[in-house]
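Hi,

Here is the structure I promised to pass on. Please open it alongside this note, and then read on for what turned up.

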Amino acid sequence: MAPDARADDEGSELTDTIFALSSGAPPAAIAVVRISGPGADPALRALAGALPRPRAARLATLRDRGEVLDRAIVIRFPGPASATGEDVAELHLHGGRSVVAAVLAALAAMPGLRSAEPGEFTRRAFENGRIDLAEAEGLADLLAAETQSQRRAALALAGGALSRQVETWQAAILAASARIEAVLDYGDDDDVAIASPPHLPPLIDELRAFLRRPPAERLRDGVRVVIAGPPNAGKSSLLNALVGREAAITSAVAGTTRDLVEAPVSLGGVPLLLIDTAGLRESGEAIEALGVERARASLAAADLILWLGDPGECPDRGRCILVGAKADLGAIHPLADVAISSTTGLGLDSLADLLVKRARGLLPAEGEVAINARHRAALAECAEWLEEAAGSGDLLIVAEALRQALRALDRVTGRAGVEDMLDDLFGRFCLGK
């Protein structure tokens, strides 16, 4: 079941009829205005004079108090088999500013209609059970997608891939729970077999393996690549060379970089967040010392490190790419993974290829469901409750643990315990979505 409708004091009720421009801002070849709610059919009839057959496009002359507004294609989708679960009408207009403004003004003047809030169409789809919360998050990610990997992952989530997996886990837990509950309720009857605690380790292992997948945040925010090393090693010059612009100030004076400089970039279709840091050295100067402290904190949070110093001083070889910088000026350490010169461009393509290869291994595989922090928290809680059930010989404890495991899974799809984050999620959508 979808969560209850929002309260009156939150600004709107599901009984309102809403409208908005659902396509890009005019001017454009075509503009799509969407109407959703119990007043959708009356509004369409008032503009077009008659209602078309459901899901059949019809050319109609739109009028407001006798004035012709446009010749447009109109389509109606009776609820509940519509995008929002309500009666929906779409007006496919000529995309000029004046046409769109006139139609929106005509709709606003109709009693019972109001402009939609950002994300309200999608929220209604969720409230009416047309999509679940995980699918709604996928739509939000799709609207924000800038790379092919982000788009594919968002489509998988919006298409219900995670929701279907959750349903599979729920079915397994429900089957185990039903056996336990039967014994607890009817254990004294002769025809009820005594049940032992269900065999849960395979399900727990599957959940734990799912939790080890690369997080969705790396797709959205980029793989965190920290450029680090001693002062005057060429870190800022390398950042500028990789992003193709002067993102960081460069100077021959050691210690120029005092704070973190972040620059998002896509290389080979892989989203990266490159972070230039202060040179690592002991310093008695307060500002530089603070920069070094922030650099070390950034290193601890890095997914990958481009290390421009002595290979033996690399803080974590497993996360490091050893970069022999300033190759145009002298010999490069033999342990360096790649030799580069930010000045001449030597080796930059090889470094980019190596960086993309390493970064791809930290991202969800193509076609694999990517889970975000909210999903991970709920799935981890589910696994913990299943471990509680598997380790107990008390059937009452087992039954309660299984119920809590199911509630944790319900939070993934929005069936329980998510009211506090709904406004934030749907506020990320654009107007008309």
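**An enclosed helix**

Helix α3 (residues 120–127) has eight of its eight residues buried, so the rest of the structure largely encloses it. Buried here means under 20% relative accessible area, exposed over 50%, and partly exposed in between (1.4 Å probe, protein chains only). Helices (H or I, at least four residues) and strands (E, at least two) are DSSP runs, numbered from the N terminus.

Before going further, a word on the basis: this is a predicted model, where local features need pLDDT of at least 70 and side-chain atom pairs count only at pLDDT 80 or more, while totals for chains, interfaces and linings use all residues. Residues are numbered from 1 along each chain as its sequence is written, and side-chain values use heavy atoms, with hydrogens and water left out.

Among the buried residues of α3 are Phe-121, Arg-123 and Glu-127. The charged end of Arg-34 sits over the ring of Phe-121, 5.3 Å from its centre (the rule: NZ of Lys or CZ of Arg within 6 Å of the ring centre and within 35 degrees of the ring normal). After α3 comes Gly-129, with a positive phi near 80 degrees.

**An aromatic pair**

Rings of Phe, Tyr and Trp (its six-membered ring) pair if their centres lie within 6.5 Å; planes under 30 degrees apart count as stacked, over 60 as edge-to-face and the rest as tilted. That rule gives one aromatic pair. Trp-169 and Phe-210 have ring centres 5.1 Å apart and planes at 90 degrees, so the pair is edge-to-face. Because Trp-169 lies in helix α6 (residues 161–186) and Phe-210 in helix α7 (residues 201–211), the pair ties together parts that are 41 residues apart in sequence. Trp-169 is buried at 1% relative accessibility, and Phe-210 is buried at 6%.

**Backbone details**

The peptide bond from Pro-26 to Pro-27 is cis, with omega near 5 degrees, and Pro-27 is in the loop between β1 (17–21) and β2 (28–36). Another cis peptide bond joins Gly-79 and Pro-80, with omega about 5 degrees; Pro-80 is in the loop between β4 (67–77) and β5 (88–95).

Arg-55 is not a glycine, yet has a positive phi of about 60 degrees. Arg-55 is partly exposed, with a relative accessible area of 45%. Asn-232, also not a glycine, has a positive phi of about 60 degrees and is partly exposed at 35%.

Best wishes
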